[in-house]
Amino acid sequence: MNQKPLRRVSHVGVAAAVFLLGLGLSLGSNSAHAVLFAKGNAELGAKLHAKTCASCHNSMMPDGKGEELYSEDFRKVTDAGRLKTMVQFCATRTNSGWFDEELEHVARYLNDNFYKFKK
Ligand code: HEC
């Protein structure tokens, strides 16, 4: 096995980064007990979300703004645990191939920018 240093990830394209992150994660050990996505990186999450998630949500909203799904008017998700579950649900259904690390990035992005849950 050939474990690449994660440092290199920022120098390659997003698609490759997603792949390498997954690869790195599958080799490393990982606990899923982070509180409020502390391990997530919102910037990476924004990129992952734009690439994999936004277009379908956009197509669902009358004015094409998928982010409105996360607004208080539309959201069904009511706490951080459910947010993570929903991210996971949509990611699985989309065949994103994301590992927990990517799920955390996107959950962090969504929480920082839209949901703003404290717990
Ligand atoms: C093929 C279409 C599609 C794709 C792609 C998609 N979603 Fe969704 N998403 C939905 C639908 C439909 C709902 C609404 C489900 C409901 O309200 O019952 C939803 C709801 C959500 C919600 C909950 C919104 C709320 O608070 O009510 C989150 C969070 C979410 N998606 C995250 C994601 C993420 C992250 C991705 C990318 C991995 C993604 N979605 C990709 C269709 C999609």
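Reader: What share of the contacts with a separation of 6 or more in the protein comes from residues 24 or more positions apart?

Author: Happy to start there, with the reminder that this is a predicted model. Counting contacts in the protein with a separation of 6 or more, the part that joins residues 24 or more positions apart is 66%.

Reader: Thanks! Which element of the protein has the lowest mean pLDDT, and which the highest?

Author: For the protein as a whole, the mean pLDDT is 82, and 71% of the residues reach 70 or more. The pLDDT is below 50 over residues 23-34, a stretch that has 13 contacts in the model beyond near neighbours in sequence. Among the elements, the lowest mean pLDDT, 48, belongs to helix 1 (residues 14-27), and the highest, 98, to helix 2.

Reader: Are helix 2 and helix 5 roughly parallel or roughly perpendicular to each other?

Author: Helix 2 (residues 42-52) packs with helix 5 (residues 100-115) at an angle of about 100°, and their axes are 7 Å apart. Angles of 65 to 115 degrees count as roughly perpendicular. Helix 2 and helix 5 are therefore roughly perpendicular.

Reader: How many nonpolar, polar and charged residues are in the contact of helix 2 with helix 5?

Author: On the helix 2 side we find A42, L44, G45, A46, L48 and H49. Their partners in helix 5 are E102, H105, V106, R108, Y109 and D112. By class, the contact has 6 nonpolar, 3 polar and 3 charged residues.

Reader: Now to the ligand: which helix gives the most to the shell around the ligand?

Author: Helix 2, helix 3 (54-60), helix 4 (80-93) and helix 5 each supply at least two residues of this shell. With 5 residues, the one that gives the most is helix 4.

Reader: Which of the 20 residues around the ligand come nearest?

Author: By class, the shell around the ligand has 13 nonpolar, 5 polar and 2 charged residues. Of the 20 residues, those that come nearest are C53, C56, R75, V77 and C90.

Reader: What separates the C-alpha atoms of Y70 and Y115?

Author: Y70 lies in the loop between helix 3 and helix 4. Leaving aside neighbours within four places in sequence, its contacts are R75, L110, F114 and Y115. Y70 and Y115 are 45 residues apart along the chain, and the separation of their C-alpha atoms is 6.8 Å.

Reader: Does Y70 count as buried, exposed or partly exposed, and why?

Author: Y70 has 18 C-beta neighbours inside 10 Å. A residue is buried at 20 or more and exposed at 12 or fewer. Because its count lies in between, Y70 is partly exposed.

Reader: Is F37 buried or exposed?

Author: F37 is in the loop between helix 1 and helix 2. Its phi is positive, about 60°, although F37 is not a glycine. Most residues other than glycine have a negative phi. With 24 C-beta neighbours inside 10 Å, F37 counts as buried.

Reader: And N95, is it buried or exposed?

Author: N95 sits in the loop between helix 4 and helix 5. N95 also has a positive phi, about 55°, although it is not a glycine. Because 8 other C-beta atoms lie within 10 Å, N95 is exposed.

Technical notes
Residues numbered from 1 in each chain as written. Predicted model: local features only at pLDDT ≥ 70, side-chain atom pairs only at ≥ 80, totals over all residues. Axes fitted to C-alpha atoms, helices over the stretch in contact; angles between N-to-C directions. Helix = DSSP H or I, 4+ residues; strand = E, 2+ residues; numbered from the N terminus. Parallel < 35°, antiparallel > 145°, perpendicular 65-115°, else oblique. Contact = placed C-beta atoms within 7 Å. Nonpolar A, V, L, I, M, F, W, Y, C, P; charged D, E, K, R; others polar. pLDDT = per-residue confidence, 0-100. Near = placed C-beta within 6 Å.
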